[in-house]
Amino acid sequence: MMVHLEGVIKRFGTMTALRGIDLKLQRGCCLGIFGPNGAGKTTLLKILATLTRPSAGTVHIAGYDAVKEAEKVRPLLGVLGHRTFLYGHLTACENLRFYGRLFGTKQLAERITEVLQLVDLVAHAHQLVRTYSRGMQQRLAIARAILHYPTLLLLDEPYTGLDKHAVSRLQELVLHLRSVSCTIIMSTHDLHRGLDLYDEIAIQCRGKIVYSGPSLGSDVQGFEQLYSAYVG
Amino acid sequence: MCKDSNSFIALMSGSKVFLQQVLALLAKDLKTEWRTREIFTSMFVFAVLVLVVFNFAIGADTELIRQVASGVIWVALLFATVLGLQRAGQLESEEDSLQGVLLALRDRSALFVAKMIAQMVYLLAVIICILPLCGIWFRIDFIACIGGLGIVFALGILGLSIVGTLFAMITLHTRAREVMLPMLFLPVSVPLTIAAVYATAQLIAGKSLGDIADYLTLMVIFNIVFFALILIVFDYIVEE
């Protein structure tokens, strides 16, 4: 089991963001978490990313307790958040070299070229990131997230700022990562994009997972009906 | 025996990773600063402005200037530290880069150590630039006591960087960051600043290092206590 959450609750003062999340995900699976704004998707991903602790419940990733053994979990994770985590005054290459050094990535120079090729940014490798368009920054953020060969990739609204071409490149990348047994959890409120990428889907609403089951494939209409039935 | 040697290898390997991460973070900070010069410039200009204002306020009374010079220098450094920390924090929060860094660190105290060293480098650069100006404006011969001053400044900027980095991290995600940082940092750094001011004043007055041993001891204890405390609690501090 790659991811195992039991009774995860997260409170921020008097506000409860997560109200008892149970989730199991096998290694190599791709899970899509759908839900409206404020459903707690980002909070759930932040707990999985060890960026915040749950108020109650347990989180296990690759057999490690994500709270007590966070230092063992972090190298396994690749995270793409709402923001890019990039430094505008460094070039794309320098940003990736910096993160690669933090993760202790082997043969870093070759790996940087490889991930830049995957996101179509080789030609802009030595350009300062602050001169990039939003879409280019998002693509570089994807490169940063997969740089250190993560075994669990957490993607929070990954389509933000991407044009049509970049979306299809991201989907190709997800398929490639799945083929090398990388487990992927992607949160989104976009019901139309890449439905056939997922092995499993979950619908989150008001801090709870109200539906979870196998993917409906590319049946967008069927999924919209299912989503409306649970979210309204 | 075997278990002990395995633990030792794990410890050494952990230390190597920690050192590599500190160096990567420090190199990134210094490279960014070298390109933008935002932090140093704001710290230096502010420190010079403080010196100029005090210079005009005190007037031409040479004896009075000699008495208050050490206080003026440390006040300038104290406020320059606040300014530098605020700018450094802004750079980290622009694209939430700090979260990306936290995800990559096994031991998050590597971030604290790197930020602290970077702050020390900026403060050291400011001191090197303002001391000659102080010598001219306040008519003080710093060369005569440069050895002792070096020790006092080293302990002082270490302490300011330790405490400053701590509160910069605590206030990074607070709403009234610009207000909260000085409100937390300035009162806590008072013992260190008082010791530094008195030690500097005594050295300028021609006293030896032996005469300021009490102040130096206080500064060393301050630095050790805060450094150890922060290493223990830093993981909780940077968590949301």
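Reply: Let us begin with helix packing. Axes are lines fitted to C-alpha atoms, for helices over the stretch in contact, and angles run from 0 to 180 degrees between N-to-C directions. Please keep in mind that this is a predicted model. In chain B, helix 5 (residues 109-138) and helix 6 pack with their axes 9 Å apart, at an angle of about 135 degrees.

Me: What does that angle make helix 5 of chain B relative to helix 6 of chain B?

Reply: Angles under 35 degrees count as roughly parallel, over 145 as roughly antiparallel, 65 to 115 as roughly perpendicular, and the rest as oblique. Helix 5 of chain B is therefore oblique to helix 6 of chain B. The crossing of these two helices is right-handed.

Me: Which residues of helix 5 of chain B and helix 6 of chain B meet?

Reply: From helix 5 of chain B come B:Phe112, B:Lys115, B:Met116, B:Gln119, B:Met120, B:Leu123, B:Leu124 and B:Ile127. They meet B:Phe153, B:Ile157, B:Leu158, B:Leu160, B:Ser161, B:Ile162, B:Gly164 and B:Thr165 of helix 6 of chain B. By class, this contact has 11 nonpolar residues, four polar and one charged.

Me: How many residues of helix 4 of chain B are buried?

Reply: Eight of the eight residues of helix 4 (residues 97-104) of chain B are buried, and the helix is described as mostly covered. The buried residues are B:Ser97, B:Leu98, B:Gln99, B:Gly100, B:Val101, B:Leu102, B:Leu103 and B:Ala104.

Me: Let us turn to chain A. How do helix 3 and helix 5 of chain A pack?

Reply: Helix 3 (residues 92-103) and helix 5 (residues 134-146) of chain A have axes 10 Å apart and an angle of about 25 degrees. That makes helix 3 of chain A roughly parallel to helix 5 of chain A. Their crossing is right-handed. A:Ala92, A:Asn95, A:Leu96 and A:Tyr99 of helix 3 make the contact with A:Leu140, A:Ala143 and A:Arg144 of helix 5. Five of these residues are nonpolar, one is polar and one is charged.

Me: At what angle do helix 5 and helix 6 of chain A pack?

Reply: Helix 5 and helix 6 (residues 164-179) of chain A pack at about 10 degrees, with axes 11 Å apart. They are therefore roughly parallel to each other. A:Gly135, A:Arg139, A:Ile142 and A:Ile146 of helix 5 meet A:Ala166, A:Leu170, A:Leu173 and A:Leu177 of helix 6. This contact divides into six nonpolar residues, one polar and one charged.

Me: What is to be learned from backbone phi angles?

Reply: Most residues other than glycine have a negative phi. A:Thr50 has a positive phi of about 65 degrees although it is not a glycine. A:Thr50 is found in the loop between helix 1 (41-48) and strand 4 (56-61) of chain A, and it counts as buried, with 23 C-beta neighbours inside 10 Å. A:Ala62 likewise has a positive phi, near 50 degrees. This residue, A:Ala62, is found in the loop between strand 4 and strand 5 (64-65) of chain A, and it counts as partly exposed, with 18 C-beta neighbours inside 10 Å.

Me: Finally, how many residues of chain A are in contact with chain B?

Reply: 23 residues of chain A are in contact with 24 residues of chain B. On the side of chain A, strand 6 (77-80) and helix 3 are the elements that give two or more residues. Helix 3 of chain A gives the most, with five residues. By class, this side of chain A has 12 nonpolar, six polar and five charged residues.

Definitions and conventions:
Residues are numbered from 1 along each chain as its sequence is written. Chains are lettered from A and ligands numbered from 1 in the order in which they are written. This is a predicted model: local features need pLDDT of at least 70, side-chain atom pairs count only at pLDDT 80 or more; totals for chains, interfaces and linings use all residues. Helices (H or I, at least four residues) and strands (E, at least two) are DSSP runs, numbered from the N terminus. A crossing is left-handed if the near helix is turned anticlockwise from the far one by less than a right angle, and right-handed if clockwise. Two residues are in contact if their C-beta atoms, placed from the backbone, lie within 7 Å. Ala, Val, Leu, Ile, Met, Phe, Trp, Tyr, Cys and Pro count as nonpolar, Asp, Glu, Lys and Arg as charged, and the others, Gly among them, as polar. A residue is buried if 20 or more other C-beta atoms lie within 10 Å of its own, exposed if 12 or fewer, and partly exposed in between; C-beta atoms are placed from the backbone.
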